[in-house]
Amino acid sequence: MIKQRLIVEGHDAIALSTICKLKGLPAPRGYTDEKKYKAEFIQVAGGYSKVNAALGQLLIDTSVQNIGVIVDANNEGPQKRWETLKSQLAHVFPHHLLSSIAPNANGIVVKEDGLPTVGIWIMPDNLANGYLEHFLAALISMEDKNYAHADKIIDDLMALDHCRFTQNKKQKALLHTWLSWQKEPGKPFGAAVQAGYFNINAPNVQPFLHWFSQTFSLEKD
């Protein structure tokens, strides 16, 4: 059986997997069972600092044929993240192949005969700084008055001395605030996607779906 793995920093996979399912993307081959999907297919690294090591371990496991990696660009930026991950890939992939690859809007997929297919997606869109919450925010209508109001409230709070989060965490605070104002407040991202709070037909979803389908072997391939 084909072994496939998706490495994530934290709990990004639940929301993203829900989007894939709702958009009708077939499950990765061998992982149609939800429990097996969560227990085996998804590999939570436990923070960005541990992603590179997790990738290195999978690259030397000859039973794994497809590897996906989703990381946040944060303030380091997509290029810096790619350079770090590329240094790990360089242990198995030829230099001439890796040197021709750079972050782009469609994500990165590295293929070479006799080696596992490796896909890298750098949140939010492989081009800008940010993280999962920026990707999800792009699924909210520009006309959403609650989101605009939440943005103003967060900005007002950040101007006060007692604000406890930094600019780097603003998008997290904003998105969770917006979710707390929905019909059923406080849903986690995956459940909020399932409930229809996000527009999964937004333009930025399709590049991610394409990257996922190029990285993994899917049931209906």
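**Backbone, pockets and aromatic contacts in the predicted model**

P124 is placed in the loop that runs between strand 5 (117-123) and helix 6 (132-137). The structure described here is a predicted model. The peptide bond that joins M123 to P124 is cis, with an omega of about 10°. Most peptide bonds are trans, and most residues other than glycine have a negative phi. The loop between strand 5 and helix 6 also holds N126. N126 is not a glycine, yet its phi is positive, at about 70°. The relative accessible area of N126 is 2%, so this residue is buried, the limit for that class being under 20%.

A positive phi is also found at N74, where the value is near 50° and the residue is again other than glycine. N74 belongs to the loop between strand 3 (64-72) and helix 4 (78-89). With a relative accessibility of 29%, N74 is classed as partly exposed, because its value falls between the limits of 20% and 50%.

Strand 1 covers residues 3-8, and five of its six residues are buried, which leaves the strand mostly covered. Strand 1 pairs with strand 3 in the parallel sense, over six bridges. Within this pairing, Q4 has N66 of strand 3 as its bridge partner. Strand 1 also runs parallel to strand 2 (residues 42-44), to which three bridges join it. Here V8 stands opposite V44 of strand 2.

Two pockets were examined. The largest pocket has a volume of about 440 Å³. Its lining is made up of 20 residues, and S17, T18, K21, E34 and Y37 are the ones that lie nearest the centre. At least two lining residues come from each of helix 1 (12-22), helix 2 (34-41) and helix 9 (189-194). Helix 1 makes the greatest contribution to this lining, with six residues. Sorted by class, the lining of the largest pocket consists of eleven nonpolar, five polar and four charged residues.

The second largest pocket has a volume of about 220 Å³. It is lined by 13 residues, and those nearest its centre are N75, Y131, H134, N168 and K169. Helix 8 (residues 170-179) gives the most to the lining of this pocket, with three residues. The class counts for the lining of the second largest pocket are one nonpolar, eight polar and four charged residues.

The cysteines were considered next. A disulfide is a covalent bond between the sulfur atoms of two cysteines. The structure holds zero disulfides. C20 has a relative accessibility of 6% and counts as buried. C163 is likewise counted as buried, at a relative accessibility of 17%.

Y147 is in helix 7 (residues 145-158) and W178 is in helix 8, so the pair ties together parts that are 31 residues apart in sequence.

The aromatic pair of F208 and F212 is tilted, with a centre-to-centre distance of 6.3 Å and an angle of 45° between the planes. Both residues lie in helix 10 (residues 205-215), where they are four residues apart, about one turn of the helix. F208 and F212 are both buried. These two residues also belong to a cluster linked by ring pairs, which contains Y31, Y37, F41, W121, F135, F208, W211, F212 and F216. Y37, a member of this cluster, is also among the residues nearest the centre of the largest pocket.

Terms used: Residues numbered from 1 in each chain as written. Predicted model: local features only at pLDDT ≥ 70, side-chain atom pairs only at ≥ 80, totals over all residues. Heavy atoms only, no water. 1 Å grid on protein atoms, 1.4 Å probe; cavity = no way out; pocket = protein on both sides within 12 Å on 5 of 7 lines; lining within 4 Å. Points joined across faces, edges and corners; volume = space filled by probe spheres on them. Nonpolar A, V, L, I, M, F, W, Y, C, P; charged D, E, K, R; others polar. Buried < 20%, exposed > 50% of the residue type's maximum accessible area, 1.4 Å probe, protein only. Pairing = 2+ DSSP bridges. Disulfide = S-S within 2.5 Å. Phe/Tyr/Trp six-rings, centres within 6.5 Å; stacked < 30°, edge-to-face > 60°.
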